[in-house]
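Morning, everyone. I have one structure to show today, and I'll keep it short. Here it is.

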Amino acid sequence: MNSENQKYLFEQASAWSALKTMILPAVASQMIVLVYNMADTFYIGQTGNHYMTAGASLILPVFNICLCIANLAGVGGGTLISRLLGAGCQDQAKKVCAFSFWLAAGIALGFSLLFGLFIRPLLILLGASPSVLPYALQYSMFVVVLGAFPTAMSNVMANFMRSIGCSGQASFGITMGGVLNILLDPLFMFVLLPKGMEAAGVGIATLLSNCISFGYFLITIFKSDQAAGLSFRLSRQLPSKENILAIFKVGVPSSITTLLFDLDYIVLDKLMASYSESALAAIGIVLKVERMPLNVGIGICQGMVPLTAWNYGSGNWKRMREFISKSLFCGLTFAALCIVVYELFALDIASVFISNRETAKLAADFLRVRILATPLMFASFFTVHLFQALGQGGRALFLGIFRWLVFNIPMLYLLNVLMGQMGLVYSQSAADLLTVTLSWMVWRRFTKKINL
């Protein structure tokens, strides 16, 4: 994207047109990511080997650390690039991009090296039994040891592309990687590798698809280097100390809230497992199904953030408010639509994931309650993304910590005691109602402080 097109998109195009350009590709890539995240588990499940399935599932928390690395440099650096370009500081934007790129590269390589050196004891610490360990080793060698770098860097560079208005290219790179992964999984699992090596086959497919995605972003950003505010060149002077701190100020809170999100799911699974295997299976289905409206919401936020950050940096706060209100409207409207659909077809949806009628009915009951929290969940993470866009990492971290550690997780334990397993399902709505109230208070106080 050249400078003229970039300026037109961020500063002159109608708000709805700009949002459509930024949001639709981001939402599309989030849908592919959703399918791609389920593909490995689906294909491994076809083997009928539950040890292999457990070995692949065991790596999920480790894989999520790769996304935390991406959030540190990609969200921290990407939002700052948008604000600097909005303020007309293209040279500083390029320095921030180069610094963030090499920061992410160093952290990702260091993480891969450390995990590779201590892979066996770490997998055992995560819960790998002697029967599960061989498959966990197969999968993690390719997905984490060799794959953490391209995975993290692809997500970092997708954030950079969105920061300059190239949401379509960013989404194409992520989507391409996801589609390739889905296509390559069965090829490596059932054709190229011998029986018993299916976990390695899935890992190789994931590694190759992320490497291709990474290569695409390298070429695309290299072509955009001169005009768009992106650069890999550390030969330039480093960013100012203020801008380096600004990267960490937003990036670190983003990484922490991602980890807390996973912790909440772990606690929910553990408490639900105390009731029955059916209850655990049912909530597992619900957590998968609810990812669709949540991923759409994340796509809306990803499209909104660069537009908001740019106009905040340029001082065009009227246009910034327009992007905020319209994005919020889109997210809440979609969440409300999902409530209607899920309430009407909860049992049909649950039955797609499991044939056991009793478990499907329990999952449907859970889904009808849990889906009521969707608008509140969207409003909660929308506010966090908004503060990240404005460089307010401290406020984003404050809301993230309160949401997970003060509201969500304690609410799980409290309602579990008071209401049993249905209390665990109602906890999301109760906790996010408190979160939205707190978020509104923090936002109102911030806007009054800066006279927004």
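This is a predicted model: local features need pLDDT of at least 70, side-chain atom pairs count only at pLDDT 80 or more; totals for chains, interfaces and linings use all residues.

Next, dimensions. The chain has 452 residues, and a compact globule of that length would have a radius of gyration near 22 Å. The protein has 22 Å, so the two agree. Along the principal axes, the C-alpha atoms fill a box of roughly 60 × 50 × 35 Å.

Now contacts. Take pairs of residues at least 6 apart in sequence that touch each other. Of those contacts, 81% join residues at least 24 apart.

On to burial and surface. Of the 452 residues, 56% count as buried. The accessible surface comes to about 18900 Å². Carbon and sulfur atoms account for 68% of that area.

Charges next. The protein carries 30 positive and 19 negative charges. How many Å apart are their mean positions? They are 11 Å apart.

Last, let's zoom in on Ser 140. Where is Ser 140 placed? Ser 140 lies in helix H7, which covers residues 133-145. Is Ser 140 buried or exposed? The cut-off for buried is under 20% relative accessible area. Ser 140 has 0%, so this residue is buried.

And what does Ser 140 touch, leaving aside neighbours within four places in sequence? Its contacts are Ile 59, Phe 115, Ile 119, Leu 123 and Val 145. Val 145 also falls within the range of helix H7, residues 133-145.

That's my tour. Over to you.

Note on methods. Residues are numbered from 1 along each chain as its sequence is written. Side-chain values use heavy atoms; hydrogens and water are left out. The radius of gyration is taken over C-alpha atoms; the globule rule is 2.2 Å times the number of residues to the power 0.38. Buried means under 20% relative accessible area, exposed over 50%, partly exposed in between (1.4 Å probe, protein chains only). Contact means heavy atoms within 4.5 Å. Accessible areas come from the Shrake-Rupley method with a 1.4 Å probe; for residues, only the protein chains shown count as cover. Lys and Arg count as positive and Asp and Glu as negative; His and the chain ends are not counted. The place of a charge is taken as NZ of Lys, CZ of Arg, CG of Asp or CD of Glu. Helices (H or I, at least four residues) and strands (E, at least two) are DSSP runs, numbered from the N terminus.
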